[in-house]
Amino acid sequence: SPARPKDFLQLALDDCARWLELEPGCSDAARKKAELEAKVKQKQEKLQKEVMGKLKDLGNTILGKFGLSLDNFQAEKDPATGSYSINFKK
């Protein structure tokens, strides 16, 4: 399997966490760690949005052969159980 590219942002966050372990009262380490955590979260959200967009495009490509799209389906989450029900709408 090919080697995964290094996630330098995550490595920097890991380094800051270790820095904070070594110097618990260091405000620079705490500030930098918080800054990096926000950047990692933003990067993850962007990646998730891209992946969902690509999955939606793939789904629409397949459903398009049947005259449908993902817009014909609506997923609703049941707050009590956390499960989803999918409804068809035309």
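Tutor: A polar contact is a pair of N or O atoms within 3.5 Å, where one must be able to donate a hydrogen and the other to accept it. Please bear in mind that this is a predicted model.

Student: Which backbone nitrogen lies 3.1 Å from a polar atom of the side chain of S69?

Tutor: The nitrogen is that of D71. S69 itself belongs to the loop that runs between α2 (27–64) and β1 (73–77).

Student: Does S69 count as buried or exposed?

Tutor: Buried means under 20% relative accessible area. S69 has 19% relative accessibility and therefore counts as buried. Leaving aside residues up to four places away in sequence, S69 touches N60 and L63.

Student: Which residues of α2 are buried, and against which elements do they pack?

Tutor: L63 is one of the buried residues of α2, together with A29, L36, V40 and G59. The buried residues of this helix pack against α1 and β1.

Student: Where does E21 lie, and is it buried or exposed?

Tutor: E21 is part of helix α1, which covers residues 8–22. Its relative accessibility is 55%, so E21 counts as exposed. The side chain of E21 also forms a polar contact of 3.1 Å with that of R18.

Technical notes
Residues numbered from 1 in each chain as written. Predicted model: local features only at pLDDT ≥ 70, side-chain atom pairs only at ≥ 80, totals over all residues. Heavy atoms only, no water. Helix = DSSP H or I, 4+ residues; strand = E, 2+ residues; numbered from the N terminus. Buried < 20%, exposed > 50% of the residue type's maximum accessible area, 1.4 Å probe, protein only. Contact = heavy atoms within 4.5 Å.
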